[in-house]
Amino acid sequence: MIELNKIYCIDNLELMKQIDDNSINLIYSDILYNTGSTFKTKDNQIAYVDKIGNTEDVINFYEPRFQEMKRILHSTGTILIQCDYRLSPYIQILLDKYFMFQDKIIWKKTETGKGAKALKALSKDYDEILYYTKSSKFTANKISKPNDVVSLKEFKYFDENVEKYFKIVPLGMYSKISVDKMRENNEIYTSRTGKDYKKYYLTDINETCLSNIWVDCHNLYNGENKEMNDYPTQKPKSLLERIVHMFSSKNDIVADFFCGSGTTLVIAKELDRQYIGCDISEMAIKISEERLNNNNTIYKNNKE
Ligand SMILES: C[S@@+](CC[C@H](N)C(=O)[O-])C[C@H]1O[C@@H](n2cnc3c(N)ncnc32)[C@H](O)[C@@H]1O
């Protein structure tokens with residue numbers, strides 16, 4: 001088994017071949033999107049070229065890597081692959097072959113929505129995070145968000161019998177039997193016009209379940225954010241914090257095989273997880289090292 005809490009400057013397929021079976025608890029990778037772009041730093045140095053080739057090249061590149069990821073992922077482990085809407089259909093078909101589909105998370109990068117080239121076009125300001133597991137037994141720590149002030153304002157009705165505030169929502173598809181039962185349990189509010197609604201008391205829902213559309217982990221833009229390390233596709237810590245917290249536990253091994261500037265590894269370290277980082281770009285490894293702020297050995301093509 002390779003050493004943990006290190007970052008490796010090597011092709012990830014070569015590194016994965018050196019990792020034990022069933023040993024990694026969480027794999028997150030923000031992969032090559034195959035956009036054809038060359039990503040550069042502010043001072044015009046090439047960070048990496050985001051190009052694989054045609055569809056066949058993409059499949060030939062990713063398939064052996066996903067096969068290895070399946071072998072090294074723990075039987076209760078989780079794998080999250082981030083890419084854009086152009087690549088995701090192909091990646092999803094490949095992942096379906098090797099893993100169990102759980103969900104597709106939409107990460108909306110900004111609130112305003114960048115990317116539409118003309119007023120008639122729709123902004124494509126999101127990435128997809130494909131969420132799979134190796135089996136039906138896996139880690140998913142509960143994430144809920146406290147109700148915000150806006151949603152609390154909806155609790156404007158007061159039930160004097162139980163002395164609690166409540167909000168109402170239309171009944172929808174409940175059967176008459178269910179509605180009668182709810183009425184017996186004091187769960188129905190009837191408006192002055194005679195329309196029935198379902199009551200939700202404030203104490204029943206003081207947290208809201210997180211949806212699979214994430215709008216609150218804002219992307220970083222060069223020069224606008226202190227967190228930015230001049231790695232062109234660096235992802236925000238808030239996104240990785242949610243992922244690592246949600247899909248792994250303390251001391252688990254978290255691996256990012258396309259680690260770029262090391263965001264996943266920084267968060268894994270902060271949240272007391274062990275990590276393995278890998279990137280083929282020397283610039284990525286240098287930035288990851290600086291962010292991790294320790295003397296990690298860097299392996300280059302198996303040489304220390
Ligand atoms: C989208 S970026 C990752 C950015 C990262 N999430 C961050 O927060 O900085 C993809 C990375 O994959 C790396 N990469 C591309 N092909 C690779 C390979 N075969 N092995 C290892 N890394 C590779 C690139 O150098 C690039 O840094």
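The protein has 8 helices and 17 strands, and the model that shows them is a predicted one. Of its 304 residues, 29% count as buried.

**The nonpolar core**

- The largest nonpolar core has 54 residues, and those with the most contacts inside it are Ile24, Ile27, Ile79, Leu80, Leu130, Val244 and Ala255.
- Leaving aside residues up to four places away in sequence, Ile79 touches Ile27, Met69, Leu73, Phe99 and Tyr132.

**Helix α6 and what covers it**

- Helix α6 spans residues 237-247, and within it Leu239, Leu240, Ile243, Val244 and Phe247 are buried.
- Seen down the axis of α6, these buried residues fall within an arc of 120°, so they line one face of the helix.

**Helix α8**

- Helix α8 runs over residues 282-292, and its buried residues include Ala284, Ile285, Ile287 and Ser288.
- These four cover an arc of only 165° around the axis, which puts them on the same side of α8.
- The exposed residues Glu282 and Glu290 are carried by the face of α8 that is turned away from its buried side.
- Just after α8 comes Asn293, which takes a positive phi of about 55°.

**The ligand and Tyr48**

- The ligand is surrounded by 18 residues, of which the closest are Tyr48, Phe258, Gly260, Ser261 and Ser281.
- Sorted by class, the shell around the ligand consists of 7 nonpolar, 7 polar and 4 charged residues.
- Tyr48, one of those closest residues, is found in strand β4, which covers residues 46-49.
- Although Tyr48 and Thr233 are 185 residues apart in sequence, they are 9.8 Å apart in space, C-alpha to C-alpha.

**Lys42, in a loop**

- Lys42 is found in the loop between β3 (38-40) and β4.
- Because Lys42 has 10 C-beta neighbours inside 10 Å, it counts as exposed, the limit for that class being 12 or fewer.
- The C-alpha atoms of Lys42 and Tyr231 are separated by 8.8 Å, while along the chain the two residues are 189 residues apart.

**Strand β12 and its partners**

- Strand β12 (residues 196-201) pairs with strand β10 (residues 164-170) in the antiparallel sense, over 5 bridges.
- In this pairing, Lys167 stands opposite Tyr200 in β12.
- Strand β11 (residues 188-190) also runs antiparallel to β12, and 3 bridges join the two.
- Here the bridge partner of Thr190 is Asp196 in β12.
- The hairpin of β11 and β12 has 5 residues between the strands, and in this hairpin Gly194 takes a positive phi near 90°.

Key
Residues are numbered from 1 along each chain as its sequence is written. This is a predicted model: local features need pLDDT of at least 70, side-chain atom pairs count only at pLDDT 80 or more; totals for chains, interfaces and linings use all residues. A nonpolar core is a set of buried Ala, Val, Leu, Ile, Met, Phe, Trp, Tyr and Cys residues joined through C-beta atoms within 7 Å. A residue is buried if 20 or more other C-beta atoms lie within 10 Å of its own, exposed if 12 or fewer, and partly exposed in between; C-beta atoms are placed from the backbone. Two residues are in contact if their C-beta atoms, placed from the backbone, lie within 7 Å. A residue is near a molecule or strand if its C-beta atom, placed from the backbone, lies within 6 Å of it. Ala, Val, Leu, Ile, Met, Phe, Trp, Tyr, Cys and Pro count as nonpolar, Asp, Glu, Lys and Arg as charged, and the others, Gly among them, as polar. Two strands pair if DSSP finds at least two bridges between them. The arc is that of the directions from the helix axis to the C-beta atoms.
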